[in-house]
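I opened this notebook to record what I looked up in one structure. The entries follow the order in which I consulted it.

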Amino acid sequence: MRLQSLTARVLLVSTIWAAAALVVIGVVISTLYRQGSERGFQDLLRAQLYNVINSIVVNDKGVLAGSPQLGDLRFSQPQTGWYWIVEPIGEFNTPPLVSTSLGSGKLPIVSVDDVPFDIRYERFYTTLDSFGNEVEVAETEVVLDIQGRTARFRIAGNRDVLEADINDFNRNLYLALAIFGFGGLGMNALAILFGLRPLDQARRSLEKIRAGESERLDGVFPREIQPLASEVNALIDSNRRIIERARMQVGNLAHSLKTPLAVLINEARVLEAPHGELVRSQADAMQVQVQSYLNRARIAAQRESVLARTEVEQALERLVRVMRRLHSEKTFLLTISPPNLVLAMEQQDVEETVGNLLDNAARYAVSEVRITAHLSGEGVQGLDPGRRAWITVDVEDDGPGIEPAQIAMAMKRGRRLDESKPGTGLGLSIVREIAGEYHGTLAMDRAEIGGLRATLVLPAAS
């Protein structure tokens with residue numbers, strides 16, 4: 001799963017890198033310390049070995065003699081893993097000398113083929129003594145006199161001492177690295193969060209723009225982000241100018257066509273039938289068509305703009321007040337849930353769509369018209385899947401209603417099912433066209449209170 005948060009990505013990558021670096025550093029330092037400790041241990045054994053060599057001689061009787069004083073009580077205590085051994089080799093036939101710590105125990109010898117002597121004629125190897133101690137052995141061979149009598153000198157040290165020292169160092173090392181690591185990760189996280197605060201501030205400013213609480217990216221940004229903020233503000237200003245220019249052009253065009261169409265309609269009234277009626281009907285159709293396409297052009301110019309926002313409660317309450325004055329004998333019930341709904345539409349388009357539906361419902365209602373608006377949630381079936389939420393507006397009346405087969409006919413432009421009522425038959429088609437321009441829908445069915453229910457699904461503001 002991909003992380004969508006830039007802060008989370010940076011924190012994750014930096015944490016993984018820091019943790020891996022600390023592990024590598026710990027392993028490297030531990031390895032270097034072990035190598036150094038083993039070299040130091042071998043140097044200690046070498047020094048003790050040559051102390052023993054300097055303490056052993058061949059006496060007048062031709063036997064090995066001497067009592068090495070190594071200054072370490074472990075060579076005199078039994079089974080400690082610290083021993084020295086002097087053994088005659090070749091034709092030199094005399095009893096060997098061993099430290100009291102070895103006693104009657106044995107110290108196995110590793111073959112010279114497996115561990116040969118180095119250029120100093122020394123060799124080091126690890127073996128187990130008779131008591132189960134793992135010992136490091138330093139060994140050499142020395143000619144003791146001019147007669148060529150030779151002895152093998154071995155000194156052994158218990159590796160438990162070495163391992164205990166290394167383990168103690170590793171514990172302290174890993175504890176220090178853990179404390180440093182957690183402290184470093186904490187400081188790294190604080191530094192990242194502090195460094196990315198301007199981006200979070202820009203995100204909150206953009207959310208305020210989308211929510212209609214602000215019109216610009218406000219705030220002081222670092223020089224790396226300031227050009228982005230300036231470009232966004234310039235884009236918003238440019239978008240606003242384009243919308244205003246489109247509105248002005250639409251208004252100018254509508255105004256320039258209004259007078260010629262009105263003249264045609266007036267002149268048609270004085271013409272003899274059926275020519276006058278024909279001209280008047282065609283002029284009316286032209287007027288409706290021009291207004292419809294002008295509306296579509298205006299909507300297309302601003303429907304993707306974050307500046308197109310209308311509060312549902314204020315718009316619907318205004319329409320209901322007008323309807324109550326025009327149809328004082330009817331009851332209008334308005335329900336909005338939740339009360340803070342906001343449509344991503346121009347107020348003029350909201351009033352034209354819902355107003356047409358309210359006007360139709362009021363004309364055919366017997367006594368009651370209900371208007372409800374509620375949030376439809378995410379992913380409404382049949383609508384744009386990229387939009388997060390939609391608002392559904394239901395307009396119901398208690399009139400006679402229409403049959404399902406007549407609904408499709410009623411939605412056609414210019415078709416009127418009841419010629420006794422005033423109107424042009426264009427209201428529902430206009431509502432459907434405006435809703436379609438905003439990627440919404442219009443549907444009609446039987447209302448719970450007996451009449452017609454018109455369901456309008458429109459985009460909610462983010």
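What covers the buried residues of α1? I noted that the cover includes β3 (83-89), β5 (122-128), β6 (134-143), β7 (150-158) and α2 (159-195), with contact taken as heavy atoms within 4.5 Å. Helices (H or I, at least four residues) and strands (E, at least two) are DSSP runs numbered from the N terminus.

Basis. The model is predicted: local features need pLDDT of at least 70, side-chain atom pairs count only at pLDDT 80 or more, and totals for chains, interfaces and linings use all residues. Residues are numbered from 1 along each chain as its sequence is written, and side-chain values use heavy atoms, with hydrogens and water left out.

Helix α1. I listed its buried residues (under 20% relative accessible area, 1.4 Å probe, protein chains only); among them are Leu22, Phe41, Arg46 and Ile53. I then checked the length: the 50 residues of α1 (residues 6-55) should span 74 Å at 1.5 Å a residue, and the end C-alpha atoms lie 73 Å apart, so the two agree. The expected span is 1.5 Å times one less than the number of residues.

Cores. I looked up the nonpolar cores (buried Ala, Val, Leu, Ile, Met, Phe, Trp, Tyr and Cys joined through side-chain atoms within 4.5 Å). The largest holds 39 residues, and Ile371 and Leu456 have the most contacts inside it. Elements supplying at least two residues each include α7 (347-364) and β14 (452-459). A second, separate core of 23 residues includes Leu70 and Phe92.

Whole chain. I recorded 9 helices and 14 strands, with buried residues making up 36% of the 462 residues.

Key. Buried < 20%, exposed > 50% of the residue type's maximum accessible area, 1.4 Å probe, protein only.
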